[in-house]
Amino acid sequence: MNLIRLTLSYVRQRPLQAALNVVMLALGIATIVVLLLFSSQARDNLEATAQGIDAVVGAKGSPLQLILSSVYHMDVPTGNISVQEARQIQAHPLVASSIPLALGDSYRGFRIVGTTSQYPQHYDAALAAGAWWDATYEVTVGHRVAREHNLSVGDSVITAHGLTGGHLHEDRPLSVVGIMEETGTVVDRLLLTSVETVWAVHGQYEEDGHEDHDHEDHGDEEGNDEGEHAHSEQGDAHAHDDDDAAASGEAGGRAPASGGPATPPGQQGAPGPGGMRLPGSPGGGTAVGALATDREYTALLIGYSSPIAAATFPRFVNRETDMMAASPAFETARMFELLGVGFEVLQAFGFILILAATLGIFIALYNAMQDRQYDLAVMRTLGASRSTLTRHVLLEGLLFAVAGLVLGLALGHLATGLLAVTVDQAQDMNLTAWAWAPRQTWLVGLALAVGAVSALLPAVQAYRTDLAFTLARE
Amino acid sequence: MITLSNIVHRYDDEVVLDIPAFTAAPGSHGLVLGRSGSGKTTLLHLLAGVLRPTRGQVTVAGEDLGALSGDALDRFRGRHIGLVFQQMHLLKTLTVTQNLLMAPYMAGLPHDRERARAVLTSLDLADKADAYPAALSTGQRQRVAIARAVMNRPEVLLADEPTSSLDDVRSVQVLDLLTEQANACEATLLIATHDRRVKDRFPNRLDLDEADARVAEMSW
């Protein structure tokens with residue numbers, strides 16, 4: 001015999017009551033575990049992704065949207081900025097580094113990012129196979145993209161217009177020249193190419209006469225599905241159309257690839273400064289002149305040369321230019337503040353469950369002590385001291401607590417694991433169940449406290465059992 | 001060996017027990033007789049260290065119980081005193097063997113399964129070793145209670161009204177078993193009872209109903 005077996009024998013006597021208390025405690029703990037795992041990993045992931053990016057400069061709009069679209073590749077861009085304007089920013093003395101990004105197309109839900117080699121360098125991305133993109137229409141693919149779509153060097157991919165899958169640029173396939181190793185960052189789910197490729201994929205429509213292909217049809221969708229037209233923010237008319245927007249027919253658009261001669265990439269080439277049609281020519285009554293998608297960036301990722309820049313640079317951009325500067329650190333902190341409310345509500349729910357379980361265990365033990373007074377007295381006659389009985393009752397409370405804790409942790413990690421494999425967004429942030437959030441350690445303490453607190457009064461009762469009175473009572 | 005000297009016990013200023021001197025020799029057997037309310041149970045509780053007397057000294061197996069602190073007294077009780085209750089209270093969540101093993105465990109003695117088996121066999125309970133108390137008859141439960149009381153080979157075996165709820169035949173059987181088990185451990189046996197049927201079976205009697213118990217010195 002020992003105290004644990006003795007205690008278990010009493011627990012076995014009321015299995016349903018015990019199960020109820022354990023499950024309630026476990027659910028409370030599981031809720032908090034999921035929240036802790038999710039929020040800590042989300043925060044780590046967001047911070048790691050924004051590491052070294054002091055500011056993002058893009059078209060005016062929501063700063064949070066700019067950060068989400070350009071740093072995390074989750075939202076649609078706010079619009080585009082012209083290369084000339086971008087140069088002005090890049091030349092600014094407070095800017096130590098700047099990485100241009102041109103967005104707008106996607107491959108089966110994964111984004112094509114037109115950028116420079118600085119971008120993969122920033123995330124320490126290495127090649128698993130092949131090479132970095134060099135010529136136009138070459139693309140180097142992130143680890144997850146390659147894995148999910150079974151891509152390898154030499155394959156060609158047909159990109160879709162827009163970020164959520166618009167019509168396909170079937171006549172402009174990109175050829176995969178390299179696959180990156182897994183980095184655990186946002187790069188894993190991107191296809192990287194040159195800015196010129198992004199321009200060329202769009203620019204070529206002008207020459208093929210397909211420029212009007214979808215803007216009339218999709219014009220009314222733009223409000224709902226802005227992702228399709230990141231580079232046509234300023235107006236309905238698409239930049240491609242500036243010289244013949246008036247001629248926009250309805251019909252041809254739907255199947256652009258069918259008739260379009262697949263001009264070899266080399267010929268189409270990287271648009272040199274003078275190679276492309278310039279936006280200068282005032283085109284058919286469309287909006288502003290700066291509609292040249294072929295000479296536009298979506299955003300610049302900025303690294304400051306001096307800490308002072310944090311105070312002055314965004315002000316400069318916001319006041320002196322038509323662009324906007326946003327700080328990833330500030331915006332993600334703001335986002336967590338917003339998310340925080342939801343987290344707190346869920347967390348409160350978890351704590352209420354734990355509180356209810358504490359009360360349940362307390363009531364179970366309290367009633368048990370009434371039933372067991374004579375048993376306790378008999379144990380005393382067999383030589384048990386008051387402190388042994390106290391330990392017996394505390395042990396029972398702790399037994400519930402430990403069972404609830406173990407089950408709760410298991411459930412919490414299991415739920416996180418399920419979330420990680422079933423929810424796309426959870427995959428985007430590399431959510432994993434095989435992690436231990438620092439604050440989870442507190443849960444261990446909390447659960448043990450639940451056991452101790454709920455058993456405290458019953459234990460005192462056991463300690464105070466009046467031996468002679470109890471024995472004489474019957 | 002039991003010695004009481006100058007024992008007075010009061011409940012709320014009412015003297016319920018007044019024994020100037022009493023001695024029971026090691027290995028002797030005897031009865032404590034008296035109506036209910038005569039102080040039999042109180043006397044047993046004083047001897048078991050469950051109660052401390054208002055005044056006087058209780059010595060059991062050479063130990064002055066008044067000199068022992070709470071935990072030491074509990075331990076001493078567990079190791080040297082066996083108690084059998086009228087209600088033969090067993091722990092119903094434990095099997096017969098586990099009930100028996102509670103005695104050495106709670107007293108801090110080695111976990112002696114052999115002893116448990118031997119005691120059960122001597123009480124004709126070997127086949128009930130793994131049964132739960134609820135599956136036993138009253139007589140069997142009484143025997144398990146006796147078995148548990150003698151598990152640690154006590155020097156003093158105290159039984160409180162062990163026969164009150166039994167018929168004549170059973171009463172005799174239980175008294176025989178108690179005597180037998182006490183002899184096996186060479187324990188001093190004291191049976192508190194109001195059951196006059198059993199009176200003649202024991203020559204040694206402390207009768208709390210008789211006035212002389214309060215004044216005379218007594219020993220056996």
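The structure is a predicted model, in which local features need pLDDT of at least 70 and side-chain atom pairs count only at pLDDT 80 or more, while totals for chains, interfaces and linings use all residues. Residues are numbered from 1 along each chain as its sequence is written, chains are lettered from A and ligands numbered from 1 in the order in which they are written, and side-chain values use heavy atoms, with hydrogens and water left out.

Chain A has 15 helices and 13 strands, where helices (H or I, at least four residues) and strands (E, at least two) are DSSP runs numbered from the N terminus. Of its 474 residues, 53% count as buried, a term that means under 20% relative accessible area, with exposed meaning over 50% and partly exposed lying in between (1.4 Å probe, protein chains only). A contact requires heavy atoms within 4.5 Å; among the contacts in chain A between residues at least 6 apart in sequence, 80% join residues at least 24 apart.

Empty space was examined next. Rolling a probe the size of a water molecule over the atoms shows where such space is left. On a 1 Å grid over the protein atoms alone, a cavity is a set of points where a 1.4 Å probe fits but cannot get out, whereas a pocket is an open set with protein on both sides within 12 Å along at least five of seven lines, and lining residues have an atom within 4 Å of a point. Grid points are joined across faces, edges and corners, and a volume is the space filled by probe spheres set on the points.

The largest pocket has a volume of about 350 Å³. Its lining consists of 13 residues, and those closest to the pocket centre are A:Gly109, A:Arg144, A:Arg189, A:Asp424 and A:Asp428. In chain A, β4 (110-115), α6 (143-148) and α13 (424-428) each give two or more residues to this lining, with the largest share, three residues, coming from α13(A). The lining divides into three nonpolar, three polar and seven charged residues, where Ala, Val, Leu, Ile, Met, Phe, Trp, Tyr, Cys and Pro count as nonpolar, Asp, Glu, Lys and Arg as charged, and the others, Gly among them, as polar.

Six cavities of 30 Å³ or more were counted, and the largest cavity has a volume of about 100 Å³. Residues from chains A and B line the largest cavity, including A:Thr381, A:Leu382, B:Phe85 and B:Arg148. Strand β6(B) provides the largest share of this lining, three residues, and the lining as a whole divides into six nonpolar, four polar and one charged.

In chain B, helix α1 (residues 40-47) is largely enclosed by the rest of the structure, because seven of its eight residues are buried; among them are B:Lys40, B:His45 and B:Leu47. Just after α1(B), B:Gly49 takes a positive phi of about 75°. B:Lys199, in the loop between β8 (188-193) and β9 (205-207) of chain B, counts as partly exposed at 28% relative accessibility. Its C-alpha atom is separated by 7.6 Å from that of B:Leu31, although the two residues are 168 apart along the chain.
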